[in-house]
Amino acid sequence: MPMIKTVDVCKSFHTKMAHHPLQVLKNVSLTVEQAEVVCIIGPSGAGKSTYLRALNRLEPIDSGKIFIEDKLLFDCANGVNTVKISAYEMNISLLEVGMVFQTFNLFPHRTVLENVTLAPVHVRKMNEEAARAKAKELLDRVGLADKIDAWPSQLSGGQQQRVAIARALAMEPKIMLFDEPTSALDPELVGEVLSVMKSLARAGMTMLVVTHEMGFAREAASTVVFMYEGSILESGPPEKIFSAPENPRTRQFLQSVL
C-alpha cells in the first residue's frame with residue numbers, strides 16, 4: 001500500500017513583485033511505498049520544501065490529489081478541496097505524518113523530556129507516565145539519554161535536532177518527512193543527525209527526505225528524486241541517478257555538488 005501518493009499537485013504563489021503568479025509546483029506526481037526511503041534532491045528554489053509542506057497541510061495546494069495511506073485527503077481544483085471529510089478525520093490521518101524541519105523549533109522554556117512528551121499527552125491523549133517512558137526510550141535511541149533534564153539552550157544544534165526527531169517519533173507516526181534537517185547545522189554536527197536518520201531507515205520507517213547531503217541520499221535512499229523548477233525531472237534508484245542520470249539538468253546539478 002502506498003503511504004504517500006500525489007497526483008498532478010500544483011501550487012503557485014502570488015507576489016506583489018511579479019505580474020504573474022510564481023508556479024512553484026507543476027503537476028508533481030510521486031508515490032512512496034511502505035518502508036521506502038525517498039530522497040528529494042535539486043537546487044534551491046526547485047519546490048522541494050513546498051512539496052513536503054503540502055503533504056501535511058502546512059501549504060495549501062491549488063490543484064491535484066494527495067493520498068495518505070491510500071486515503072484521499074485532498075482533491076483540489078482552484079484552491080478548493082472537494083473531498084468531503086470532517087476536520088477530525090483529516091487530523092487523525094495527518095497525525096500519521098511526522099515532520100522534522102530545518103530549524104529545531106523546541107520550546108526554550110521546557111526541558112528536553114517535556115519537549116518530547118507535550119504533544120503525545122495533549123494531542124494523542126497519552127497517559128503522562130506512558131508518554132514519559134516513551135520519551136526516555138526515544139531520547140536513548142537518538143543518543144541523548146543523559147540530556148533529559150537539560151534546556152534546549154544547553155544543547156548543540158545537532159543535539160537539538162535529534163531532540164526534534166525524538167519529538168516527532170513520540171507521536172508514533174507511520175511516515176516521517178524531513179525538510180533539509182541538517183542545513184542549519186555546523187558541518188561537524190551533521191553526521192550525528194544523519195546517523196539517527198539512517199538507523200530509522202534501517203528499522204523500516206517510511207521516510208521522505210529533502211536533502212543536500214548527497215552521501216546520505218546515495219547510502220540510505222531506495223529512490224532518489226530530482227526536482228527542478230517545480231517539476232520532477234527524474235527519479236530512480238540511487239546507483240542509477242548518481243552514476244548514470246538521463247536528464248542533462250540532473251547531470252549538471254550533480255556535477256556541481258559532487
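V38 is buried, with a relative accessible area of 1%; buried means under 20% relative accessible area, exposed over 50% and partly exposed in between, using a 1.4 Å probe and protein chains only. This residue belongs to strand β3 of a predicted model, in which local features need pLDDT of at least 70, side-chain atom pairs count only at pLDDT 80 or more, and totals for chains, interfaces and linings use all residues. Residues are numbered from 1 along each chain as its sequence is written, and side-chain values use heavy atoms, with hydrogens and water left out. Helices (H or I, at least four residues) and strands (E, at least two) are DSSP runs numbered from the N terminus.

**Around V38**

- Not counting residues up to four places away in sequence, V38 touches V32, M207, L208, V209, T223 and V225, where contact means heavy atoms within 4.5 Å.
- V38 and R57 are 19 residues apart along the chain, and their C-alpha atoms are separated by 20 Å.

**Overall build**

- The protein has nine helices and 11 strands.
- Its C-alpha atoms fill a box of roughly 50 × 45 × 40 Å along the principal axes.
- A compact globule of 258 residues would have a radius of gyration near 18 Å, and the 19 Å of the protein agrees with that; the radius is taken over C-alpha atoms, and the globule rule is 2.2 Å times the number of residues to the power 0.38.
- Of the 258 residues, 52% are buried.
- Among contacts with a separation of 6 or more, 65% are between residues 24 or more positions apart.
- The accessible surface comes to about 12,300 Å², and carbon and sulfur atoms account for 50% of it; areas come from the Shrake-Rupley method with a 1.4 Å probe, and for residues only the protein chains shown count as cover.

- D8 sits in strand β1 (residues 2–13) and has a positive phi of about 50° although it is not a glycine.
- With 38% relative accessibility, D8 counts as partly exposed.
- T31 is in strand β2 (residues 22–33) and is partly exposed at 34% relative accessibility.
- Leaving aside neighbours within four places in sequence, T31 is in contact with P2, I4, K5 and E36.
- T31 and M1 are 30 residues apart in sequence, with 10.0 Å between their C-alpha atoms.
- A35 lies in the loop between β2 and β3 (37–41), and its phi is near 70°, a positive value in a residue other than glycine.
- The relative accessible area of A35 is 39%, so A35 is partly exposed.

**Helix α3**

- Eight of the 11 residues of α3 are buried, so the helix is largely enclosed by the rest of the structure.
- The buried residues in α3 are V112, L113, N115, V116, T117, L118, P120 and V121.
- These buried residues pack against α4 (128–141) and α5.

**The largest pocket**

- The largest pocket has a volume of about 600 Å³.
- A pocket is found on a 1 Å grid over the protein atoms alone, as an open set of points where a 1.4 Å probe fits, with protein on both sides within 12 Å along at least five of seven lines.
- Grid points are joined across faces, edges and corners, and a volume is the space filled by probe spheres set on the points.
- Of the 22 lining residues, the closest to the pocket centre are L95, V97, G98, M99 and M171; a lining residue has an atom within 4 Å of a point.
- Two or more lining residues come from each of β7 (97–100), α3 (112–122) and α5 (157–170).
- The lining divides into 16 nonpolar, five polar and one charged residue; Ala, Val, Leu, Ile, Met, Phe, Trp, Tyr, Cys and Pro count as nonpolar, Asp, Glu, Lys and Arg as charged, and the others, Gly among them, as polar.
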